[in-house]
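Me: I am new to this structure. Please walk me through it in short steps.

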Amino acid sequence: MATFVTPNTSATKNGAGTVAGGPGRDSHLTPRDVEKRILEAFHRSAEIEARGIRIETRDGTVTLHGQVRTWAEADAAKRAAGAAPGVSRVISELIVSSESPLLAEILG
């Protein structure tokens, strides 16, 4: 199995990777409320396997940790987290692993 780590990427409202949310939107939510809403979004998405993702929230910033199957799944998780109420920034520390034998062979 080949394993890849997504660079410590983040998207902010003003950055190239625009996300929804923001400190003024649903600012009464607790970090636990935000995590719950993100997990609910993960479960609604067929692209995301939520069991491999751990969510941390602090002051509107969400950090995603864990392992996903594909780059598309990592991107979907970042988008879903960024769209949650109360989120102004998403940092991805997700690890992408592939079961592709050809890719594992190419990467050594």
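Me: In what order do the elements of the chain run from the N terminus on?

Reply: This is a predicted model. Its secondary structure comes to three helices and five strands. Read from the N terminus, the order is β-β-α-β-β-α-β-α.

Me: Which element gives the most residues to the largest nonpolar core?

Reply: That core has 22 residues. Helix H1 (31-44), strand S3 (53-58), strand S4 (61-68), helix H2 (71-82) and strand S5 (89-98) each give two or more. The top contributor gives five residues, and that is H2.

Me: Which residues touch the most other members of this core?

Reply: Val-62 shows what such contacts look like. Leaving aside neighbours within four places in sequence, Val-62 is in contact with residues including Val-34, Ile-55, Ala-81 and Ile-91. The residues that touch the most other core members are Ile-38, Phe-42, Ile-53, Val-62 and Leu-64.

Me: Is Ser-97 buried or exposed?

Reply: Ser-97 lies in strand S5. Its relative accessible area is 9%. The cut-off for buried is under 20%. Therefore Ser-97 counts as buried.

Me: Which side chain does a polar contact of 2.6 Å join to that of Ser-97?

Reply: Ser-97 sits in strand S5. Its side chain has a polar contact of 2.6 Å, and the partner is the side chain of Gln-67.

Me: What share of the accessible surface of the chain belongs to carbon and sulfur atoms?

Reply: Buried residues make up 39% of the 108 residues in the chain. The accessible surface comes to about 6400 Å². The share belonging to carbon and sulfur atoms is 52%.

Note on methods. Residues are numbered from 1 along each chain as its sequence is written. This is a predicted model: local features need pLDDT of at least 70, side-chain atom pairs count only at pLDDT 80 or more; totals for chains, interfaces and linings use all residues. Side-chain values use heavy atoms; hydrogens and water are left out. A nonpolar core is a set of buried Ala, Val, Leu, Ile, Met, Phe, Trp, Tyr and Cys residues joined through side-chain atoms within 4.5 Å. Buried means under 20% relative accessible area, exposed over 50%, partly exposed in between (1.4 Å probe, protein chains only). Helices (H or I, at least four residues) and strands (E, at least two) are DSSP runs, numbered from the N terminus. Contact means heavy atoms within 4.5 Å. Accessible areas come from the Shrake-Rupley method with a 1.4 Å probe; for residues, only the protein chains shown count as cover. A polar contact is a pair of N or O atoms within 3.5 Å; within protein, one must be able to donate a hydrogen and the other to accept it, and residues adjacent in sequence count only if both atoms are side-chain atoms.
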